[in-house]
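Grab a pencil and have a look at the structure below. Then try the exercises and check your steps against the solutions.

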Amino acid sequence: MPFACVFVPDFPVEALLRAETELRAQAVVVLEGKAPLQKVFAGNEKARRGGVEVGMTKLQIESCTDFVLRARSPLQEVAAHAALLDCAQSFSPRIEDAGDDAILLDLTGLEPLFGPLPKIARDLARRASELGLEANVAVASNPDTAMLAARGFSGVTVIPAGREAEQLSSLPVAVLFVGAVPSPTLETLDRWGVRNLRGLAALPDVALSERLGQEGIRLQQLARGSISRTLVPVEPPLIFEEAVELEYPLMLLEPLAFLLSRLLEQLCARLGARALATQELRLQLELENGWHAEDDCCASPALDPSDRRIFQRTLRLPVPLLDARIFLKLLQLDLKANPPGAPIAKIYLSAEPVRPRAAQSGLFLPPSPEPEKLELTLARISGIVGEGSVGSLDILDTHHPHGFRMRRFAPAEPKQVEPHSKHISESNSSITALRIFRPPLRATVTLRHGKPSHIVCSKQIQGDILWVAGPWRSSGDWWEQEGWSRDEWDIAVQAESHIALYRLVHDRLNGRWFLEGNYD
Amino acid sequence: MASPLVFSQAAMNRPIGFVSEERGALLSRLSALPKLRGVTAAARLEMRPAPEMVSAGIRAIDTLTGGLPRGCLTEIFGPASSGRTSILLAALAAATQRQEACALVDVTDAFDPHSAAAAKVALDRLLWVRCGHEQKPQDQERHDFSRANKISLRAGTLASKRKIEGPVEQALRVTDLLLQSGGLGMVAIDLSDVPLKMARRIPLTSWFRFQRAVENTPTVLFVIGQVPCAQTCATLLLKLQASGKSVVGPLSLVLGQGVTTNNKQRTTPPHAQLLHGLQVEGELLRCRMERKPSRSVNAAFITKMPCAG
């Protein structure tokens with residue numbers, strides 16, 4: 001039964017580098033603790049070569065200008081660990097969470113699907129790299145050997161069955177104790193002159209047991225690669241969230257878009273690794289001073305001061321999408337229309353996972369817009385005319401003349417139609433359309449025998465009423481505050497060179513006359 | 001340096017009427033000339049394929065124009081109460097019933113959803129863009145979230161850099177976006193209530209751009225207005241006016257020009273009267289689909305009030 005281990009060396013540094021990939025070529029040091037007692041928590045290979053050790057103080061590090069200092073970010077470590085789990089889950093359903101920086105996979109039965117074991121190991125490393133994590137991958141016949149090899153050898157390692165002891169022999173003994181506090185056993189082995197796993201494996205079993213007990217025997221079996229255990233599988237939850245804690249508050253849209261682009265790419269890579277897409281993106285910004293209610297369309301005055309530091313935007317899509325560029329553009333347009341009212345300290349971005357859209361196109365389908373393009377176009381149009389001024393319509397079940405509601409435009413997928421439909425209509429008439437004046441035009445109307453005889457509305461619309469029909473009385477919502485009651489008249493008025501028809505309305509509640517529209 | 005000989009002396013002396021091999025050789029020599037390289041002989045120019053025609057939803061209009069051409073700009077103009085919006089709704093209804101997604105760029109926000117529903121427009125396939133609602137600042141180079149910047153904006157320090165957009169400018173930008181997005185069966189621009197001065201001020205380059213954007217696509221670009229705005233960019237130009245000739249039905253009479261009512265007699269009280277509809281006359285002024293300029297031909301149709309059945 002082959003097992004693989006994906007191990008991320010210098011995990012706290014890698015978690016930070018996911019958001020700042022440009023720092024990968026530099027010596028990065030991660031500090032932990034409250035100022036001024038910050039100490040080195042981790043550093044990458046370049047920093048170690050520069051003399052940085054865990055536990056050094058910030059003052060000691062600052063004496064050298066070559067290091068890039070960053071504060072440890074638990075948020076980003078959680079996101080990086082989730083990404084690591086997604087990477088493993090995209091290959092095998094049986095995975096074990098072996099710590100923040102390591103994941104074990106059961107590769108049994110995967111060879112027919114993904115190819116031979118070395119190829120699977122290379123693909124695992126590449127997938128981890130796509131998710132922003134440079135990982136060591138090792139494949140062996142048991143989980144612990146795979147783990148030791150991944151911790152000890154950089155890059156991709158494949159250990160054939162039966163050659164575990166030989167392959168592991170060159171590793172230092174310290175690899176058995178990685179992640180734990182300095183062990184007395186390690187000191188003992190050091191005093192004995194046992195420096196590598198070959199030396200530990202060669203020690204006589206009984207003598208080792210007499211001196212170090214069962215712990216010694218376990219360590220020796222690990223060094224020989226002969227220990228075996230069952231995997232403890234975990235089912236990672238389908239939570240796709242990325243976060244960035246900023247060193248300095250962000251005040252401009254451009255750098256925010258830059259960071260959002262990174263987060264979206266990582267989120268899309270994670271979703272893609274699990275063969276999922278998203279239909280809802282949630283952006284949460286933690287603000288430094290709190291936003292101001294007049295700046296935010298989603299603002300609710302009932303929020304307490306702690307909530308006022310959180311600015312949220314939700315992007316709902318009509319179809320599942322997985323394109324970081326489109327998401328970025330949509331978020332940019334949304335933030336342009338609704339900017340946060342204060343500098344940004346933290347960014348959280350999460351996606352609601354759904355199954356990707358499966359669409360079958362046809363040769364004779366009528367034209368319909370691509371959902372991705374349409375979404376972008378609608379967002380751009382919303383930026384021009386306003387959010388509530390674009391969409392499709394729902395007619396409400398009411399007699400109110402303006403009984404309609406705008407809703408999101410999402411045309412249904414067209415069905416198959418005949419390729420040669422008629423281009424001559426069978427009907428020779430159409431409905432007389434009304435053009436609504438928004439807002440209605442106030443008018444001064446003179447009545448004669450109870451019917452309008454003269455109107456003055458504007459320069460263009462004034463004069464004797466040539467013909468009148470009505471009134472048609474309607475009312476509604478009298479049980480509510482927004483009750484209405486009106487008389488409608490259809491009138492004809494002489495315009496410059498023609499006769500124009502209007503709908504004249506008398507509001508019975510306030511006694512005013514106004515022109516509601518024009519028949520055209 | 002002597003230029004290469006295109007015609008040999010023998011060929012020059014020969015009477016007109018080449019055999020096919022000589023003609024082919026001559027054409028190949030001509031095309032090799034540096035000055036004529038890249039120029040296609042007129043005889044080899046291909047005819048532009050005729051655009052696909054779709055129904056406008058009214059038989060008289062379809063008969064008059066042959067339908068609405070896809071990939072072209074169709075313009076209909078006329079005064080108020082001349083039936084422009086009724087034709088627009090009929091065309092939108094026909095397009096949405098063909099399961100095409102359509103967009104209406106409503107410059108003056110005059111669209112009546114109830115009329116559209118009565119005209120059988122599938123409202124879930126219609127994108128309605130209401131212009132003139134939001135005045136967005138333009139040319140704002142930076143979006144600064146800081147309080148200080150907001151205060152400076154309020155104080156008007158950057159006010160001189162801002163340009164307020166009118167509904168016509170919004171409509172032009174929206175139309176541009178819709179045409180570039182593609183996939184729509186019809187994009188309609190309603191310029192009916194736009195003042196003539198503003199409508200005439202729309203630059204011709206915008207119409208050229210729209211025409212180019214819609215070319216070779218299945219989209220019908222449909223414009224209604226009071227006067228022709230698109231000028232030479234319109235493939236089909238139709239003028240509408242209320243008809244002043246005929247009477248519809250035995251109970252109706254013509255009121256002025258083209259308004260038909262069901263007045264039995266003039267003494268009928270107004271509540272017993274009913275606006276029946278409009279009688280509209282359309283005149284085809286331009287049709288680019290034909291080789292020769294189209295003659296001015298007319299067609300008439302009736303619009304009915306929803307309550308008239």
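Helices (H or I, at least four residues) and strands (E, at least two) are DSSP runs, numbered from the N terminus. This is a predicted model, where local features need pLDDT of at least 70, side-chain atom pairs count only at pLDDT 80 or more, and totals for chains, interfaces and linings use all residues. Residues count from 1 along each chain as its sequence is written, while chains are lettered from A and ligands numbered from 1 in the order written.

**Exercise 1.** Work out how spread out chain A is.

Step 1: count the elements; chain A has 14 helices and 21 strands.
Step 2: chain A comes out at 35 Å, well over the 24 Å that the rule gives for 520 residues, so it is more spread out than a compact globule.
Step 3: check the box; along the principal axes, the C-alpha atoms of chain A fill roughly 125 × 60 × 40 Å.

**Exercise 2.** Find how α14(A) and α7(B) are oriented to each other.

Step 1: helix α14 (residues 371-385) of chain A and helix α7 (residues 167-181) of chain B pack at about 175°, axes 10 Å apart.
Step 2: angles under 35 degrees count as roughly parallel, over 145 as roughly antiparallel, 65 to 115 as roughly perpendicular and the rest as oblique.
Step 3: α14(A) and α7(B) are therefore roughly antiparallel.

Note on methods:
Axes fitted to C-alpha atoms, helices over the stretch in contact; angles between N-to-C directions. Rg over C-alpha atoms; globule rule 2.2 N^0.38 Å.
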